[in-house]
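Good morning, and thank you for coming. I would ask you to keep the display in view while I speak, beginning with a pair of packed helices.

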Amino acid sequence: MVDVDGRAGFEAVFLDPVGREVRQRWEDACVAVAFEDLAPVSAFPVVPGRRWGPGLWWSSTTGRHVVAGSNAMRAQLMVLDRDPQVTGLAGRPVRLVWRDGRGRVRSWVPQLFARYADGTALLADCPGHLEAGGERALRAAQAARAACDLVGWRYRRLEPLDAVFAANLRWLAGYRHPRYQGHPEVADALLEAFAQPRPLMEGVQAVGSPISVLPAVFHALWHGHLSASLETPLHQGVLVGPGNGPDGGANADRRSANSSDAGEHGSVDCRGRHGGGHREPPGRRFTDGPVAAAVDPPAHGVGAIGGGAW
């Protein structure tokens, strides 16, 4: 049972464009405020002794940076950034305030906000494991879900995904920036080469030199122009096909979601690990295993496809 005083309702606390704190009735704020454009209402904590900390994720959806508080949150941002229905992203843009059944003031700041093309939105938390945050986080999740239900939005505690899927997505994310899309004639040639599913390197070699074509393939896979299964490790023989293929692209993301966290907008789940604040994707190297074509020098070392460090 949700411990919320229904007579008091919910309030939204956020920062206006000049950084002043604003408090507004929740239902009114959801109609009037573009939370996806706001700065965090409070900073992500820095925990001494941990190998990661708050950083920035460069979004290929918006062309702007999104504040991320942890590796788990960055992983969720990868999935949402690749979802064609998502139009905006923000980190901690709003604090929910309510009173419990005993009249005590409670508040919670969901970690992640995503706006969808139909105008609805997702508020989410991104725990590194299912028990993270303890009972307080679970009670807050119930209240946040109730608040979202009032306005036709969704709230989710996003569960971690399979490590292989996350590693594949992490690799493709390194090529999300427009600089990797290649010349228009290369993009057209790729669509023609992979009009029917065929092994990755076979199609790449039909277009040109792997050193120049592979980055464009990974860029197209990230954006859904091409498709491949991300549920097994990527390799030179993986079948790549058109963007509406039966087992790839955004469709694979949606099928990989936990059913309790999947709605009409598909998957919102992913798990991955990479360190530090990340601004734009650095160069990558597609090297270990059966494929040995150097694409670009890596920024932080080299790994097998789907698992490179960056």
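Predicted model: local features only at pLDDT ≥ 70, side-chain atom pairs only at ≥ 80, totals over all residues.

Helix H6 passes helix H7 in a right-handed crossing. A crossing is called left-handed if the near helix is turned anticlockwise from the far one by less than a right angle, and right-handed if clockwise.

Residues are numbered from 1 along each chain as its sequence is written, and side-chain values use heavy atoms, with hydrogens and water left out.

Two packed helices are described by the angle between their axes and the distance between the axes. The axes are lines fitted to C-alpha atoms, for helices over the stretch in contact, and the angles run from 0 to 180 degrees between N-to-C directions. For H6, residues 200-207, and H7, residues 210-223, the axes come within 9 Å and cross at roughly 120 degrees. That makes H6 oblique to H7. On our scale, angles under 35 degrees are roughly parallel, over 145 roughly antiparallel, 65 to 115 roughly perpendicular, and the rest oblique.

Which residues of H6 and H7 meet? From H6 come Leu-200, Met-201, Val-204, Gln-205 and Val-207, and from H7 come Pro-210, Val-213, Leu-214 and Val-217. By class, this contact of H6 with H7 has eight nonpolar residues, one polar and no charged. Contact means heavy atoms within 4.5 Å. As for the classes, Ala, Val, Leu, Ile, Met, Phe, Trp, Tyr, Cys and Pro count as nonpolar, Asp, Glu, Lys and Arg as charged, and the others, Gly among them, as polar.

H4 passes H7 in a left-handed crossing. Here Leu-169, Trp-171, Leu-172 and Ala-173 of H4 make contact with Phe-218, Leu-221 and Trp-222 of H7. The residues of this contact of H4 with H7 divide into seven nonpolar, no polar and no charged.

H4, residues 163-173, also packs with H2, at an angle of about 65 degrees and with the axes 10 Å apart. H2 and H4 are therefore roughly perpendicular to each other. The residues involved are Met-78, Val-79 and Arg-82 of H2, together with Ala-166, Leu-169, Arg-170, Leu-172 and Ala-173 of H4. By class, the contact of H2 with H4 has six nonpolar, no polar and two charged residues.

Let me stay with H2. This helix, residues 71-82, has 12 residues and reaches 17 Å from its first C-alpha to its last, close to the 16 Å expected at 1.5 Å a residue; the expected span is 1.5 Å times one less than the number of residues. How many of the residues of H2 are buried? The count is 12 of its 12 residues, where buried means under 20% relative accessible area, exposed over 50%, and partly exposed in between (1.4 Å probe, protein chains only).

Next is H3, residues 134-151, with 18 residues and a reach of 27 Å, close to the expected 26 Å. Its buried residues are Ala-137, Ala-140, Ala-141, Ala-143, Ala-144, Ala-147 and Cys-148. Among the elements covering them are helix H1 (26-32) and strand E6 (95-99). Just after H3, Gly-152 takes a positive phi of about 75 degrees.

Two single residues deserve a moment. Leu-190 lies in helix H5, residues 184-193, and is buried, with a relative accessible area of 2%. Beyond four places in sequence, Leu-190 touches Val-207, Val-213, Ala-216, Val-217 and Leu-226. Val-109 sits in the loop between strands E7 and E8 and is buried, at a relative accessible area of 10%. Its contacts beyond four places in sequence are Val-41, Ser-42, Arg-92, Val-94, Arg-95 and Asp-125.

I close with the whole protein. It has eight helices and 13 strands, and buried residues make up 50% of its 310 residues. Among contacts between residues at least 6 apart in sequence, 65% join residues at least 24 apart.

Definitions and conventions:
Helix = DSSP H or I, 4+ residues; strand = E, 2+ residues; numbered from the N terminus.
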